[in-house]
Amino acid sequence: MPSNNGFEMDIANWASRYALDIIGLAGFGKDFGAIRNQCNPLVETYNTIFKVTKQKRALFFLGALFPWSMVRSLPLPHNRDFSQATKAIRQNCQAIIQYKRAMSNDTCAQDIDLLSIAMKNGRFSDEDLINQVMTFLGAGHETTASILTWAVYALALHPEIQQQLREEIRKKLAPIDSGSEHSFDVISRLPLLYAVCNEVFRMFPPVRITMREAVCDIFVQDIAIPRGTKIMISSCATNMDKKLWGPDAADFNPYRWLIKDDEEGLKINSGGGAISNYAMLTFSQGHRICIGQGFARAEFACMLAGWIGRFDFQMKDKESMDMNGVKFASGITVKPENGLRVSVKVVPGY
Ligand code: HEM
């Protein structure tokens with residue numbers, strides 16, 4: 001157990017394990033036990049898939065130029081490890097599906113994880129089920145781990161906002177181990193929590209680049225884009241564009257998401273003061289917008305409330321104090337290259 005003198009931890013590692021356990025329960029109805037045991041084989045398999053290496057980065061950019069099937073078939077250690085890890089996770093999914101099928105209907109009737117719901121629907125083959133669950137696991141694990149890591153970073157840099165957020169959480173939510181349950185309806189009505197989450201989503205979008213290919217000749221703002229052109233869309237450039245967000249676009253300012261109200265104190269400003277509804281690309285926009293957005297927002301708010309309510313986070317490594325000192329590791333998501341070492345203290349009284 002932590003003492004009140006504080007202890008040092010790599011938040012990126014814990015956020016990854018925390019997010020894996022949540023998506024395991026929500027996706028499969030299975031506790032992967034990653035928080036309890038980081039030597040868990042499934043956690044190691046996941047780490048293989050999401051570990052950012054130079055080779056992986058090079059393959060990512062090759063994938064922008066050549067078909068993925070070709071890039072994936074190159075005889076490289078990363079491709080070999082990736083395909084072994086994916087195979088292991090597929091086998092795990094298969095075993096869980098078989099277990100759920102073997103259980104009586106009564107036993108699974110109350111299960112509300114994605115896999116159980118899809119199985120109850122009855123229209124999916126086992127292969128479809130595995131593919132769907134693999135997609136949700138892939139899309140919904142490292143993204144959440146990344147955003148939680150950056151939230152701790154931002155709040156460690158802004159201790160006064162961290163303290164105000166802690167006060168709001170403690171005032172409005174009972175402690176996690178009090179036994180009372182919190183619905184998201186209650187959690188979503190904490191203005192500062194909402195504001196901090198949105199500001200972290202704006203400034204630290206885990207998926208920094210998405211790709212699109214023009215399916216026909218088209219003009220975008222008078223620029224001719226011929227059919228077949230591959231376009232990279234940068235969420236962080238748009239999310240911090242001064243033309244859209246104003247002169248303080250590069251500053252961490254959760255208060256842009258709040259309005260002072262004489263009766264209610266602080267009220268939510270859902271647009272964050274941006275001049276366009278398309279100014280935030282963290283979850284993309286349009287037809288292929290993230291379908292896990294609602295889940296991810298709820299999950300992130302709950303995770304952050306749990307951590308900030310109980311713990312105080314201070315930056316350990318002074319060189320990482322400002323954004324220019326942070327080395328980014330970009331894979332599918334963006335994380336600090338060498339993890340995020342912070343000093344953590346239990347704040348008594350909650
Ligand atoms: C912080 C959390 C998350 C962020 C920032 C995020 C971001 C994104 C982005 C930018 C895309 C579009 C990718 C593209 O078009 O190239 C996307 C797609 C997707 N996301 Fe998320 N995501 C998050 C969490 C989740 C979660 C928790 C789930 C599932 C439980 C999920 C499931 C998906 C799926 C299935 C797609 C593909 C949708 C489609 O192509 O129609 N995401 N996400």
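A charge is taken to sit over a ring if NZ of Lys or CZ of Arg is within 6 Å of the ring centre and within 35 degrees of the ring normal. In this predicted model, the charged end of Arg17 meets that criterion over the ring of Trp14, at 4.1 Å from its centre. Local features need pLDDT of at least 70 and side-chain atom pairs count only at pLDDT 80 or more, whereas totals for chains, interfaces and linings use all residues. Residues are numbered from 1 along each chain as its sequence is written, and side-chain values use heavy atoms, with hydrogens and water left out.

Across the whole structure, 10 aromatic pairs were found (rings of Phe, Tyr and Trp, the last by its six-membered ring, with centres within 6.5 Å; planes under 30 degrees apart are stacked, over 60 edge-to-face and the rest tilted). Trp245 and Trp257 form a tilted pair, with 5.8 Å from centre to centre and 55° between the planes. Because Trp245 belongs to helix α13 (residues 242-245) and Trp257 to the loop between α13 and β6 (258-261), this pair ties together parts that are 12 residues apart in sequence. Helices (H or I, at least four residues) and strands (E, at least two) are DSSP runs numbered from the N terminus. Trp245 is buried, at 5% relative accessible area, and Trp257 is likewise buried, at 3% (buried, under 20%; exposed, over 50%; partly exposed, in between; 1.4 Å probe, protein chains only). Arg202 lies over the face of Trp245, 5.2 Å from the ring centre.

Ring pairs also link Tyr18, Trp307, Phe311 and Phe313 into a cluster. Within this group, both Trp307 and Phe313 are buried.
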